[in-house]
Amino acid sequence: QQQRVAVARALINHPKVLLLDEPLGALDLKLRRQMQLELKRIQTEVGITFVHVTHDQEEAMTMADTVAVMNGGRVEQLGAPTDLYENPRTTFVANFLGTSNLIEAEVDTRSGDDIVLRAGGGKLVLPEARCSGPTTAGGKVLVGIRPEKIALTHADDAGTVPEGRNRVTGKIADASFIGVSTQYVIDTPVCDEFAVYVQNVERDGRLVPGADVVLHWSPAHTFGLDADQDIDAGIEEEAAA
């Protein structure tokens, strides 16, 4: 209630811009989520620009029309939440907003609008338009894929994986049931701890630690970054959005 009163007092004079500095930080999770939606509704109704500072990535993406991810006092990337999440331009943004699997790869050839890369003894396909790193043969690239974009198939059913998808083999190292989904950690030739999130709709009982699996995803969901960057940037650092 104190937060609601504070917002009302700030809005009564109809300012051109309202600065909200971590306004929901002290609230419990469910109440914080309710207030996120309420603040967004209020902003839409009054039409005043809200500058909302937060260290909560989910809060930033839920509330904002435009997100600025800041690193060391400078803007790392600016854009709509969906654009920053789907098309990060730096490893910091890729790691800080959600989780990204980043794979070290080398540009092999081009195929139409796609780039073919070598990684871990296999090949991956990446749309050139989604690569902010080098695109010529021999260039070093970090191939990125979000955990929820990946499908997980038991090795016995590898023949059912559709053609044209990026494929990586591996072994399940860990599986954590979290209700809506199961979060897997997979050991693969391209990444020691490949994260995969699978919704618990029709669970395959064979997908348990120790099982051999095939990870596969659409090349359209892949993004590419310059490999000269720190692959771990943004994982444990604090940033503001």
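# A tour by selection

Start with Leu 117: it stands opposite Leu 124 in strand 7. This is a predicted model, in which local features need pLDDT of at least 70, side-chain atom pairs count only at pLDDT 80 or more, and totals for chains, interfaces and linings use all residues. Residues are numbered from 1 along each chain as its sequence is written, and side-chain values use heavy atoms, with hydrogens and water left out.

**Stop 1**

Select residues 114-119 and 122-127. These are strand 6 and strand 7, paired in the antiparallel sense over 6 bridges. Strands here are DSSP runs of E with at least two residues, helices are runs of H or I with at least four residues, and both are numbered from the N terminus. Two strands pair if DSSP finds at least two bridges between them. Now look at the turn. Strand 6 and strand 7 form a hairpin with 2 residues between them. Gly 120 in that turn has a positive phi of about 55 degrees.

Step back to residues 101-111. This is strand 5, which pairs with strand 6 in the antiparallel sense over 5 bridges. Pick Ser 111: its bridge partner in strand 6 is Asp 114. Strand 5 and strand 6 also form a hairpin with 2 residues between them. Here Gly 112 sits in the turn, with a positive phi of about 65 degrees.

**Stop 2**

Zoom in on residues 166-177 and 181-187. Strand 10 and strand 11 run antiparallel and are joined by 6 bridges. Ile 172 stands opposite Ile 186 in strand 11.

**Stop 1: salt bridges**

How many salt bridges does a search of the whole structure find? It finds 14. Each is a side-chain nitrogen of Lys or Arg within 4 Å of a carboxyl oxygen of Asp or Glu.

Select Asp 65 and Lys 40. Their side chains meet in a salt bridge at 3.7 Å, N to O. The pair links distant parts of the chain, 25 residues apart: Asp 65 is in the loop between helix 3 (57-63) and strand 3 (67-71), and Lys 40 is in helix 2. Asp 65 is exposed, with a relative accessible area of 56%. Lys 40 is partly exposed, at 26%. (Buried means under 20% relative accessible area, exposed over 50%, partly exposed in between, with a 1.4 Å probe and protein chains only.)

Next, show Lys 149 and Glu 86. Their side chains form a salt bridge at 3.1 Å, N to O. Lys 149 lies in the loop between strand 8 (140-145) and strand 9, and Glu 86 in helix 4 (residues 81-86), so the pair ties together parts that are 63 residues apart in sequence.

Asp 212 lies in strand 13 (residues 212-217) and Lys 171 in strand 10, so parts 41 residues apart in sequence are tied together. Asp 212 is partly exposed, at 41% relative accessibility. Lys 171 is partly exposed as well, at 38%.

Now select Glu 106, Asp 108, Arg 118, Lys 123 and Lys 140. Salt bridges that share partners join these residues into one network.

**Stop 2: two loop residues with positive phi**

Most residues other than glycine have a negative phi. Select His 14, in the loop between helix 1 (2-11) and strand 1 (17-21). Its phi is positive, about 50 degrees, although His 14 is not a glycine. Is His 14 buried or exposed? His 14 is exposed, with a relative accessible area of 65%.

Then go to Glu 22, in the loop between strand 1 and helix 2 (29-46). Glu 22 has a positive phi of about 50 degrees and is not a glycine. Glu 22 counts as partly exposed, at 31% relative accessibility.
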